[in-house]
There are 2 protein chains.
Amino acid sequence: MPAREELIARAPEEHRARDIDLRMRTEVTEIDVPGQRVRWRELESGAEGWTGFDRLVIATGARPLRPPVPGVDAQGVFGVQTLEDGQALLDGLSGARGRRAVVVGAGYIGVEMAEALLKRGFEVTVVNRSEQPMSTLDPEMGRLVHRAMDGLGIRTVGSAEVTGFVADGDGRVRAVATEAAEYPADVVVLGVGVLPETSLAEAAGLPLGSSGGLLTDLAMRVRGQENVWAGGDCVEVLDLVSGRERYVPLGTHANKQGQVIGSNVGGDYATFPGVVGTAVSKVCDLEIARTGLRERDAREVGLRFVSVTVESTSRAGYYPGAAPMTVKMLAERRTGRLLGVQIVGREGAAKRVDVAAVALSARMSVEEVAALDLGYAPPFSPVWDPVLVAARKAVAAVRAAG
Amino acid sequence: MPAREELIARAPEEHRARDIDLRMRTEVTEIDVPGQRVRWRELESGAEGWTGFDRLVIATGARPLRPPVPGVDAQGVFGVQTLEDGQALLDGLSGARGRRAVVVGAGYIGVEMAEALLKRGFEVTVVNRSEQPMSTLDPEMGRLVHRAMDGLGIRTVGSAEVTGFVADGDGRVRAVATEAAEYPADVVVLGVGVLPETSLAEAAGLPLGSSGGLLTDLAMRVRGQENVWAGGDCVEVLDLVSGRERYVPLGTHANKQGQVIGSNVGGDYATFPGVVGTAVSKVCDLEIARTGLRERDAREVGLRFVSVTVESTSRAGYYPGAAPMTVKMLAERRTGRLLGVQIVGREGAAKRVDVAAVALSARMSVEEVAALDLGYAPPFSPVWDPVLVAARKAVAAVRAAG
């Protein structure tokens, strides 16, 4: 187990050593865009003041959703947003009265927390609003995750809306309630997603998208602004496959955007062209990956598509350690353009989605994908990589659909 | 250990069940292209005859090189081309007088045989003509492989030309000789590459390229022919990065070409657009991958380039199991076009090259590569995937080179 400090990419002193006037525990309470200044308040001393800017970068991140139901503030109900949250959860696990854990939400955070709790010896129940876990996948691919979680001994309850958290007289949580049932819990972890933290930006009249994230141009300038940039979990990004703005709060985008903003604010030039919606996750040895559009995303933007699913293996079938892998692929009708890929499998499944991610960026057709020159050797892949097998089937499906 | 039969994709009876008149142990001795017929000879009976064709497919494969030196036919010197070769080698290992093995050649076959022999308890020496193993990589990347092989206890002798095989009075090999030294050997494995088996095609006047492979069009028709197709290890392929024909005898291309030929011969339409030169291999837990052009390939076709090398890790640095990885990237000067990638590392290194393979097919610039939306989660990748880290450095190098 690495020390907590190993998770800190750069400590305050390191920033200050680079001549950055970093003010911790100081909250910005107002952005005055035309006046080119921000109002701040020191949390400990209560001191307040204004500081002017030539160029402003908004990186206010996201705030975790908390179900607005009774008992959500009971002792033993944990969020997992900050390093402090993580420490509080670890402390809470040590002090738990029993070994029953309930995770609310079955997205990336939810399934990863389920794994972590399982490994710490908890009996884990995941309560999820959608029918299947991982609603970033199409439901039948989520069902594969569900089945694998069953096999691991994680109980997953789908189509279940949490109506409240039941606490004992001492204020400690003892169950999670839904319409249909009550799930005993010595500890509860919330993994129900995040919202962009853009209240300051909104109050300052800066433009927000339909998900509430700031809208920027390709150089990460806030739209309509000359001297204000924004990046990370508080912005929406261009989805290159659908052509729409989406809210995709992921560290990999935040990091790239930070680099782009740094270049531009410093007078150089860089752009963040957009995303294709790649995400990978795991529950124990099950790997889960997706990129591009799900069926509902494609429909939403008016795309007609074919969808194929294939079963393949991570290595040549005869090679020791070959593990099964399910690949689903969507392609546009008529043009055969690749629209999306979802993969559920074991070792070597998740990062295979990168091939599709690059192909989506390049707007390749499934015919072009099927012809790709991917690495082949029996320890690494069947002679047709699972993604290529799916592409071949998609080519046939596009033709058949006419 | 899988049974020998598991390595057979399709047995003769399965072909015959599909109404294919398959004649085993029957050699074609002449192709009469204008007469649309082939002359054959049954190896056992010696019977000969002609069979006419409307459409001909040439899939004569490759023949393994054997160093043209004294003693190469000594007992205990094995090639590894066919299933029978494999069985003969396994039998030879059981009957070996001692545990000293010499592998001639340090390409894909050579290093994989070194691993296999090591795992069977042999003391392994690899004798190699190039200075470093894996000459499909640039020499300094090959040096990383060399060092790893040293660490595994495999002795690698570079810049060494085999001058002969020394046999005992009973005709059994006892040493491999080079100009400089003699390496004691109870068993010798040859892995010095293959040549296209195109003697029949050449005699028939069909067009061969500079490597001796048949030249085809994109539909895998032999150039200038209406009714003759060819594919697999007997053809040259178009290298999409250099624009030149190359000889790349790999199962993955052969398999795709077979599918393309089948479609076209059957009256449908398909093409094999070409390759980008992707190949992956391993020695024990060391993974080796390459795609696109090496420095010498780029120079040969007149490309000016920058070259960068980065050290990264397979997972987030703080995540258990993160393994080091070296990525080398070549980009064209001025345009920044990606030209090639080489990777040497541990778990998760080899198949990462697929991202570069797709980017090469799409003729992406390193700036486009650096912006790719690849899967990120700490168990699978640092927040900047190693390939993206290399691309960022290449972007800077292209700018600096002007």
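**Notebook: the A–B contact and the salt bridges**

I started at the chain boundary: Asp268(A) pairs with Arg399(B) in a salt bridge, with the closest N and O atoms 3.0 Å apart. The model is a predicted one, and I read every value below with that in mind.

**Entry 1. The interface**

I asked how many salt bridges there are between chain A and chain B. The count is 4. Helix 6 (251-265), strand 18 (279-283), helix 8 (353-361) and helix 10 (386-401) of chain A each give at least two residues to the side that touches chain B. Chain A puts 50 residues into the contact, and chain B puts in 50 residues. The buried area between the chains comes to about 4,200 Å². Carbon and sulfur atoms give 63% of that area. I also ran the polar contacts across the interface and got 20 residue pairs, both residues at pLDDT 80 or more.

**Entry 2. Helix 8 of chain B**

Is helix 8 of chain B largely enclosed or largely open? I checked residues 353-361 one by one. Of these 9 residues, 8 are buried, so the helix is largely enclosed by the rest of the structure. The buried ones are Val353(B), Asp354(B), Val355(B), Ala356(B), Ala357(B), Val358(B), Ala359(B) and Leu360(B).

Next I looked up what covers them. The cover includes helix 8 of chain A. From chain B it includes strand 18 (279-283), strand 19 (286-292), strand 22 (338-345), helix 9 (366-370) and helix 10 (386-401). After the helix comes Arg363(B), with a positive phi near 50°.

**Entry 3. The nonpolar core**

I listed the cores by size. The largest nonpolar core has 92 residues. Which residues have the most contacts inside it? They are Met329(A) and Met329(B). As background, nonpolar side chains tend to be buried together in soluble globular proteins.

I took the chain B copy and left out neighbours within four places in sequence. Met329(B) is then in contact with Val306(B), Ser307(B), Val308(B), Leu338(B), Gly340(B), Val341(B), Val366(B), Val387(B), Ala390(B), Ala391(B) and Ala394(B).

**Entry 4. Ile288(A)**

I moved to strand 19 (residues 286-292) of chain A, where Ile288(A) lies. Its relative accessibility is 1%, under the 20% limit, so Ile288(A) counts as buried. Outside the four places on either side in sequence, Ile288(A) touches Met134(A), Leu137(A), Val145(A), Ala279(A), Val280(A), Ser281(A), Val283(A), Ile343(A) and Ala350(A). Ile288(A) and Leu56(A) are 232 residues apart in sequence, and their C-alpha atoms are 38 Å apart.

**Entry 5. Salt bridges over all chains**

The total is 60 salt bridges. I opened several.

Arg315(A) and Glu347(A) form a salt bridge, closest N and O atoms 3.1 Å apart. The two are 32 residues apart and link distant parts of the chain. Arg315(A) is in the loop between strand 20 (305-313) and strand 21 (324-332), and Glu347(A) is in the loop between strand 22 (338-345) and helix 8 of chain A. Arg315(A) is buried at 18% relative accessibility, while Glu347(A) is partly exposed at 39%.

Asp354(A) bridges to Lys351(A), with the closest N and O atoms 2.7 Å apart. Both Asp354(A) and Lys351(A) are buried.

Glu140(B) and Lys328(B) meet in a salt bridge at 2.5 Å, N to O. Glu140(B) sits in helix 4 (residues 139-152) and Lys328(B) in strand 21 (residues 324-332) of chain B, 188 residues apart. Glu140(B) is partly exposed at 31% relative accessibility. Lys328(B) is buried at 1%.

**Entry 6. Asp138(B)**

Asp138(B) lies in the loop between strand 8 (123-127) and helix 4 of chain B. Is Asp138(B) buried or exposed? Its relative accessible area is 2%, so Asp138(B) is buried. Beyond four places in sequence, Asp138(B) is in contact with Arg294(B), Glu295(B), Arg296(B), Lys328(B), Leu330(B) and Gln342(B).

**Entry 7. Cysteines**

Cys234(B) is buried at 0% relative accessible area, and Cys284(B) is buried at 15%.

Key. Residues numbered from 1 in each chain as written. Chains lettered and ligands numbered in written order. Predicted model: local features only at pLDDT ≥ 70, side-chain atom pairs only at ≥ 80, totals over all residues. Heavy atoms only, no water. Core = buried A, V, L, I, M, F, W, Y, C linked by side-chain atoms within 4.5 Å. Buried < 20%, exposed > 50% of the residue type's maximum accessible area, 1.4 Å probe, protein only. Contact = heavy atoms within 4.5 Å. Buried area = accessible area lost by both parts, 1.4 Å probe. Salt bridge = Lys/Arg side-chain N within 4 Å of Asp/Glu carboxyl O. Polar contact = N/O pair within 3.5 Å; in protein donor to acceptor, adjacent residues only side chain to side chain. Helix = DSSP H or I, 4+ residues; strand = E, 2+ residues; numbered from the N terminus.
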